[in-house]
Amino acid sequence: MPAVEMVGVSKTYRGRGGQPLKALDGLDMVVGSGGVHGLLGPNGSGKTTSIRALLGLVGVDGGSGTMKVLDQPVPSGLPGVIGDVGAMVETPLFFPGFSGRRNLRLLAETAGVPSARVEECLELVDLRERADDRFKGYSLGMKQRLGIAAALLKAPRLLILDEPSNGLDPAGIRDVRELIRRLGSDGRTTVLVSSHLLAEIQQVCDSVTILARGRRVASGPVAEVLSRAGTGDVRVVVPDPAAAAAVLSAAGFSVSPTPDGQVLVHGAPAPGQITRVLAEHGHYVEELVRVTPDLESAFLAITGERA
Ligand SMILES: Nc1ncnc2c1ncn2[C@@H]1O[C@H](COP(=O)(O)OP(=O)(O)OP(=O)(O)O)[C@@H](O)[C@H]1O
């Protein structure tokens, strides 16, 4: 059973002049159970809107598709499963003059969660030692981790985090990344995390849905999405790159030189053919490497947009 399912979901906002703005345009998304799933897209592509729609915080266009969370239809079945869903959407609100612990205890009381769970969550996000400091004195990273702790209070089966790394410094980003990885590998939690940071998704997620203009443009295991968007380029190191490039070009390969004196052969040719043609002309290959794209180039290739 997928943890999240969206099929053909659209959401139209009214712009300032009343003109329609399609934030979601027939969006499909399937998040399998367990692990970390990334929702990746440039600003304005519909990440927050889709998360808000899944949580029933925003209504979608009438008759525009279906959504399920933990196998329950959204919004009608949400009351039955919302206790198993933890979410952090936008910066969470806490009382600035209260400590992290007191803030969490208040939330736990409201949700009927025992206070022992507050301590567990503080431990999970590594805030135990600073739990009695006032919230307003926390760094942005600590505030964000407290927000994640709040989302974890109910020991959710599905944890949804909207841009949890936003505004964090590198150390904060690393802490949040490690936390997400830990949660996603505990065997019971599915984490859905949105980001416009390609490296973030690449480092932390098992699978990914890529959005552009409110639509899914790619999805699957991160490694698969990357290889599908693969350029098929091969980088060749030879003693005389200019002559080797001329030979390859004459043999019908599409080639270009690299600034560091290597030859880039485009378009997924079998590497064996490259070495054979070169050897026939007295050029002996010192090194031959397939170029693996990172998520950034894959993303640009897929969406034609800059993140
Ligand atoms: N309440 C709203 N009223 C009108 N338009 C909105 C509203 N919320 C979002 N939009 C528009 O819908 C589109 C999608 O926005 P959304 O916030 O879902 O994107 P996003 O991918 O989360 O981007 P970001 O990372 O910038 O938050 C944008 O064009 C945005 O301006």
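How many bridges join β11 to strand β13, and in which sense do the two run? We will come to that pair at the last stop.

**Before you start**

This is a predicted model, in which local features need pLDDT of at least 70 and side-chain atom pairs count only at pLDDT 80 or more, while totals for chains, interfaces and linings use all residues. Residues are numbered from 1 along each chain as its sequence is written. Colour by pLDDT, the predictor's confidence in each residue, from 0 to 100: the protein has a mean of 89, and 93% of its residues reach 70 or more. Where pLDDT is low, the predicted coordinates should not be read in detail. The model's scores are ipTM 0.94 and pTM 0.80.

**The whole protein**

Zoom out. The C-alpha trace spans about 80 × 50 × 40 Å along its principal axes. In cartoon view you have 11 helices and 14 strands to explore; these are DSSP runs numbered from the N terminus, helices being H or I of at least four residues and strands E of at least two. Of the 307 residues, 38% are buried (20 or more other C-beta atoms within 10 Å of a residue's own; 12 or fewer is exposed, in between is partly exposed, with C-beta atoms placed from the backbone). Take the contacts (C-beta atoms, placed from the backbone, within 7 Å) between residues at least 6 apart in sequence: 68% of them join residues at least 24 apart.

The shell includes Tyr-13, Lys-47, Thr-48, Thr-49 and His-196. Two elements, β2 (20-31) and α1 (47-54), each give two or more residues to this shell, and α1 gives the most, with three. By type, the shell holds three nonpolar, eight polar and one charged residue (nonpolar: Ala, Val, Leu, Ile, Met, Phe, Trp, Tyr, Cys and Pro; charged: Asp, Glu, Lys and Arg; polar: the others, Gly among them).

**The six-stranded sheet**

Next, show the open sheet of six strands, ordered β6-β7-β8-β3-β9-β10 with mixed pairing (strands pair if DSSP finds at least two bridges between them). Because β6 (85-88) and β10 (215-221) are at the edges, each with a single partner strand, one side of each has no neighbour in the sheet. From one strand to the next the twist averages 15°. Helix α5 (residues 140-152) packs on this sheet, touching β6 and β7, and its direction makes about 160° with that of β6 (axes are lines fitted to C-alpha atoms, for helices over the stretch in contact; angles run from 0 to 180 degrees between N-to-C directions). Look also at β7 (residues 158-162) and β8 (residues 190-195), which run parallel and are joined by five bridges; Leu-159 has Val-191 as its bridge partner in β8.

**Asn-103**

Select Asn-103 in helix α3 (residues 100-111). Why does Asn-103 count as buried? Because 23 other C-beta atoms lie within 10 Å. Leaving out residues up to four places away in sequence, Asn-103 touches Phe-94, Phe-95, Phe-98, Phe-135 and Leu-146.

**Strand β11**

Finally, select β11 (residues 234-237), whose covered face has Val-234 and Val-236 and whose uncovered face has Arg-235 and Val-237. In a regular strand the side chains alternate between the two faces of the sheet. And the opening question: three bridges join β11 to β13 (residues 263-266), and the two run antiparallel. Arg-235 has Leu-264 as its bridge partner in β13. β11 also pairs with β14 (residues 287-290) in the antiparallel sense, over four bridges, and there Val-236 is partnered by Leu-288.

Conventions: Near = placed C-beta within 6 Å. Contact = placed C-beta atoms within 7 Å.
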